[in-house]
Amino acid sequence: MKTEFSRRLAVGRIGAAGREMEIEADAAERAALARRFGLPAIHALSCRYRLTLGRRDEVLAEGWMTAEVEQECVLTAEPFVSVLTAEIVARLVPAERFREDEELDPEAVDEIPYENDTIDLGELTAEELSLALDPYPRRPGAMLPDEIGHVDVPPTNPEGAEDAEEGRPSPFAGLAALRKDDT
């Protein structure tokens, strides 16, 4: 599988003392990831990793990801820039020993299979970026206009037709008017 941001490392190059690595996506890789995640742009993406070789070729990857992404506000559709950070902890396991548990423990370290004695820290970083993205991004300070969600319905009865807190017609006043029309 071809990935947009690939930083492959042979497990044998980690060594008994472990290894530290820093990876950074270039402009073409960031543009490809932005298309993959439906973002206007990714301005920066990098991750520092501490890799520790475990028993039976398992690799513990601990990292700190930082990204600067451009998103569209769900309220105003205006683009804005977000700075994201995420701590990454994953156990990379040879594919032949990887098993998908039926009962997932949300507190457990994620296990990710790898093949051919090679892990891909770029793809791991990209997947963590996708998890860090807000599915409903809002530009700071963005608010819905007052007109949205407001319905002008004449009150059907003067008592209780207005919301006591807001002085606006109750949303149930419109339903009451419809019910009267049916009877």
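Start by selecting His 43: besides neighbours within four places in sequence, it is in contact (heavy atoms within 4.5 Å) with Arg 30, Glu 68, Glu 70 and Val 81. Before you click on, note that this is a predicted model, where local features need pLDDT of at least 70, side-chain atom pairs count only at pLDDT 80 or more, and totals for chains, interfaces and linings use all residues. Residues are numbered from 1 along each chain as its sequence is written, and side-chain values use heavy atoms, leaving out hydrogens and water.

Now zoom in on the side chains of His 43 and Glu 70, which make a polar contact at 3.0 Å. (That term means a pair of N or O atoms within 3.5 Å; within protein, one must be able to donate a hydrogen and the other to accept it, and residues adjacent in sequence count only if both atoms are side-chain atoms.) Show Ala 67 too: His 43 sits 24 residues from Ala 67 in sequence, yet 7.5 Å away in space, C-alpha to C-alpha. Is His 43 buried, partly exposed or exposed? It counts as partly exposed, because its relative accessibility is 36%; buried means under 20% relative accessible area, exposed over 50%, and partly exposed in between, with a 1.4 Å probe and protein chains only.

His 43 belongs to strand S3, residues 41-53. Strands (E, at least two residues) and helices (H or I, at least four) are DSSP runs numbered from the N terminus.

Next, select helix H1, residues 27-37. At its start, a side-chain oxygen of Asp 26 comes within 3.1 Å of the backbone nitrogen of Ala 28. After H1 comes Gly 38, with a positive phi near 70 degrees. Colour the buried residues of H1: Glu 29, Arg 30, Ala 32, Leu 33, Ala 34 and Phe 37. Their cover includes strand S2 (19-24), S3 and H2.

What meets what between the two helices? Leu 33, Arg 36 and Phe 37 of H1 meet Glu 123, Ala 126, Glu 127, Leu 129 and Ser 130 of H2. By class, that contact has four nonpolar, one polar and three charged residues.

Finally, zoom out to the whole protein, which has three helices and seven strands. From the N terminus, the order is β-β-α-β-β-β-β-β-α-α. Of the 183 residues, 33% are buried.

Terms used: Axes are lines fitted to C-alpha atoms, for helices over the stretch in contact, and angles run from 0 to 180 degrees between N-to-C directions. Ala, Val, Leu, Ile, Met, Phe, Trp, Tyr, Cys and Pro count as nonpolar, Asp, Glu, Lys and Arg as charged, and the others, Gly among them, as polar.
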